[in-house]
Amino acid sequence: MSLGAHLVELRRRLFAAAIAIVVGGIIGWILTDLFIWDAIQEPVSKVAEARDGATGIIFPTITSAFDLRLQIALTVGIVVSSPVWLYQIFAFFVPGLNRREKRYTFAFLFSAVPLFFAGCAAGWFVLPNIVRIMTSFVPEGAASLLTAREYFDFVLKLVVAIGVAFVVPVFIVLLNFVGVWSAAAIIKAWRVAILVIVLFTAIATPSADVISMFLLAIPMIGLYFAAWFIAYLHDRRVSKRAAELDAELAG
């Protein structure tokens, strides 16, 4: 394909992904009033019950409620439409791959989508504990009034960051299976990987929230080494097959 054809293809893929996000956003807008907002504020409500109402979510400006609902709808749209836009990303690169690489690509696509949802679910699972831990530092007799937008940003960063963390090892293994990144190179870069992970988690969590940063960093580091182990097994199998083939040719 020419450069112009690649740009046309990219535009088509981006347009399809954008349409899917918009449709998901409309669904998110409708579902926000039904149960999403209640689910988001539930950890704060439980803390408020335990502290006799000394904790709550506030909307400081007249447009805060509308802005927050729009942000929630967009976030839901991105999450719900993730199978579509992840497919568009993979499909854009598929024409440049051979048959074996295409097989790996689609296999990892079907792995990435459930892993992304599993990561988001894991983030949602630990959210109440993190909210309880963070609000426990409020002095006795003081009230903790959480700005709605800042609280949702915290929830969004936590949930989506863990979702992304679950998917990254899939791409690492994919690069290994297509011959781009060997297991030896993966383990050699472990120091750089840990540094990048720590920086990512520091950005994904509030500046003072060290606990959340480590709760994100530890499983991401574990997943990185898990990806290396899978790549190691793959490289060893490939080396064994190559050695057997050389032995047959030599015989």
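Me: Which residues does Val159 touch, not counting residues up to four places away in sequence?
Reply: This is a predicted model, in which local features need pLDDT of at least 70 and side-chain atom pairs count only at pLDDT 80 or more, while totals for chains, interfaces and linings use all residues. Residues are numbered from 1 along each chain as its sequence is written, and side-chain values use heavy atoms, with hydrogens and water left out. Val159 is found in helix α5, where helices (H or I, at least four residues) and strands (E, at least two) are DSSP runs numbered from the N terminus. With contact meaning heavy atoms within 4.5 Å, and leaving out residues up to four places away in sequence, Val159 touches Gly119, Cys120, Gly123 and Trp124.

Me: Is Val159 buried or exposed?
Reply: Buried means under 20% relative accessible area, exposed over 50%, and partly exposed in between, with a 1.4 Å probe and protein chains only. The C-alpha atom of Val159 is separated by 7.5 Å from that of Ala122, 37 residues apart along the chain. Because its relative accessible area is 12%, Val159 counts as buried.

Me: How far does helix α5 reach from its first C-alpha to its last?
Reply: Helix α5 covers residues 148–177 and has 30 residues. The expected span of a helix is 1.5 Å times one less than its number of residues. For α5 the expected value is 44 Å, and the reach is close to it, at 44 Å.

Me: Which residue with a positive phi follows α5?
Reply: The phi of the residue that follows α5 is near 85 degrees. That residue is Gly179.

Me: With which side chain does the side chain of Gln88 make a polar contact?
Reply: Gln88 is found in helix α3, residues 82–93, and is buried, with a relative accessible area of 10%. Leaving aside its neighbours within four places in sequence, Gln88 is in contact with Arg13, Ala16 and Ala17. A polar contact is a pair of N or O atoms within 3.5 Å; within protein, one must be able to donate a hydrogen and the other to accept it, and residues adjacent in sequence count only if both atoms are side-chain atoms. The partner, at 3.1 Å, is the side chain of Arg13.

Me: How many helices and strands does the protein have?
Reply: From the N terminus on, the elements run α-β-α-α-α-β-α-α-α-α. The protein therefore has, by the DSSP runs, eight helices and two strands.
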